Amino acid sequence: MRNPRQLAHALKERVVPVRDWRLGTRFAVSFALVAAVVIALVGSLAYNTAAFLIRTDEQTEFDTTVESLSRDLRGPAMDPFDGGNGPTLLHSDSFTYQAITPDGGLQVQVRGDQPVRFLPVTDEDRATAAEEQAGAVHTREDAAHGEEYRIATVSLGGGSGAIQIGQRLSPTESMLDSLATQMLGVGGAVLIGAGVAGWLIGRRVTGRLVRLTEAAEYVSATGRLDYPVPGGEASARQAAGDEVGRLGNAFSAMLARLAGSKEEQRRLVQNASHELRTPLTSLRTNVSVMRRFEQLPPEGRRQLVDDLQGETRELTDLVDELVQLATDSREDEQPADVDMSALAERVAARTRRRTGREVAVDADGTVVHGRPGALERALSNPVENAAKFDPDGTEPVEIVVREGRVEVRDRGPGVDEQELEHIFERFYRAASARSMPGSGLGLSMVHDIVSAHGGRVLAANRPGGGAVVGFWLPPRSEPGGGTAPRD
């Protein structure tokens, strides 16, 4: 057998500290404690009030009976034992009457319909019975026959005796004890109900919190963001103001934002691959030509150096743009008024240098408000695509700018009519382009840039062959966004 110290130690190990209680247990205990305090306050107040009123009414009834008897005895001389002319006595199961002689002897019990239970007589009672004056009253409380009594002795006058009135207090106290027992029973039931309600509420709340914890642990362990989170739309419909439901919605929204951020990172890598491919290819070609630098004529050397400088500058700008994309600081490039004619000339010159294709520019004086670097990239992509898809074309690639509408025209194979509405989608590649280099991201970047500037993209096939790809931006001369382009 264990000694007391071992038993105390084992009991201490089994007792769970309050700080380690589950939330459901805390709810149940908290509800029970609050209910206990309320029951104690309300129950004690109700019991004390009821007991006071009952006892006051009982006292009033006793005083009224004694006063009535005293008043009757002070009136004309009467025989208290004469049923017809005697004093008025209140008939009640709680009252007992008896007459006593001056020497304290029991003369007769006035009430004949109750069992004979004589009230105790004291010296003060005998002195009152010997009073010459009728109606003198002496009251006291005493016990007899296992019950508590409130006793009044009223003198008959002339030293002839007295009438005693005894009021039983035990029925009232028994009734109050029964009331207290009932209140304790009801209070206990309410206390148990409060504890059960607290436990159910705690279980309901903690159940969803446990599921949220499981979701967080799953995401932390696997890195996957597709875990179904509790407390979403269904929870919002059930309890729009429920804090746990709002927490579930917020957690779900957070996962969605994280998933979007992860997708943006993936897109950034793909965009970087797509955008870096062209300048790196051009640099690689020029570096290979550098091996024969001494064999090149002076004009060729100068053109090669110019190309290297231009491609290096373009690569530097592109890396800066990708860094801004990665750090979400694209908005650091301050918007400015952009002359689309000058921008088209820069893009045409770079395309001529990279591809050897002729690029013609036909531009009016359209000025738009936006980020110059982003807009230049939006125009470069369709121009380079036109040169790529028609490398041996005899007609030049055309850049036409009219009132905010920018079109890149070529005489290549064109685009299938069913694919025109999809070419600006991310990763989409036409069937005729799947054998060529590219990732299907260039035109989707154009769409993103143009949409961010309040414009829209456009694509169509040219009569006689070829394609027209471009976009429309609100001209600076038209406050509020201008008018939509005509297709």
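The model is predicted, so local features were required to have a pLDDT of at least 70 and side-chain atom pairs a pLDDT of 80 or more, whereas totals for chains, interfaces and linings use all residues. Residues are numbered from 1 along each chain as its sequence is written, and side-chain values use heavy atoms, with hydrogens and water left out. Helices (H or I, at least four residues) and strands (E, at least two) are DSSP runs, numbered from the N terminus.

The UniProt record, an unreviewed entry, places the feature "transmembrane region" at residues 27-47 and 179-201; such annotations may be inferred rather than shown by experiment. In the model, residues 27-47 are 100% helix, and their end C-alpha atoms are 29 Å apart. Residues 179-201 are likewise 100% helix, with end C-alpha atoms 32 Å apart.

Strand β5 (residues 162-168) has 6 of its 7 residues buried and is therefore largely enclosed by the rest of the structure; buried means under 20% relative accessible area, exposed over 50%, and partly exposed in between (1.4 Å probe, protein chains only). Two strands are taken to pair if DSSP finds at least two bridges between them. Strand β1 (residues 95-100) pairs with β5 in the antiparallel sense over 6 bridges, and Ile100 stands opposite Ala162. Strand β4 (residues 147-155) also runs antiparallel to β5, through 7 bridges, with Tyr149 opposite Arg168. A hairpin is formed by β4 and β5, with 6 residues between them, and Gly157 in its turn has a positive phi of about 95°.

Helix α8 (residues 340-355) comprises 16 residues and reaches 22 Å from its first C-alpha to its last, close to the 22 Å expected, a span defined as 1.5 Å times one less than the number of residues. Asp339 caps the N-terminal end of α8, where a side-chain oxygen lies 3.0 Å from the backbone nitrogen of Ser341. Just after the helix, Gly356 takes a positive phi of about 80°. The buried residues of α8 include Met340, Leu343 and Arg350.

A nonpolar core is a set of buried Ala, Val, Leu, Ile, Met, Phe, Trp, Tyr and Cys residues joined through side-chain atoms within 4.5 Å. The largest such core has 32 residues, and Met340 and Leu343 are among those touching the most other members. Helix α9 (372-389) is one of the elements giving two or more residues to this core, and α9 gives the most, with 6 residues. Apart from this core lies another, of 11 residues, including Leu69 and Tyr97.

Notes:
Polar contact = N/O pair within 3.5 Å; in protein donor to acceptor, adjacent residues only side chain to side chain.
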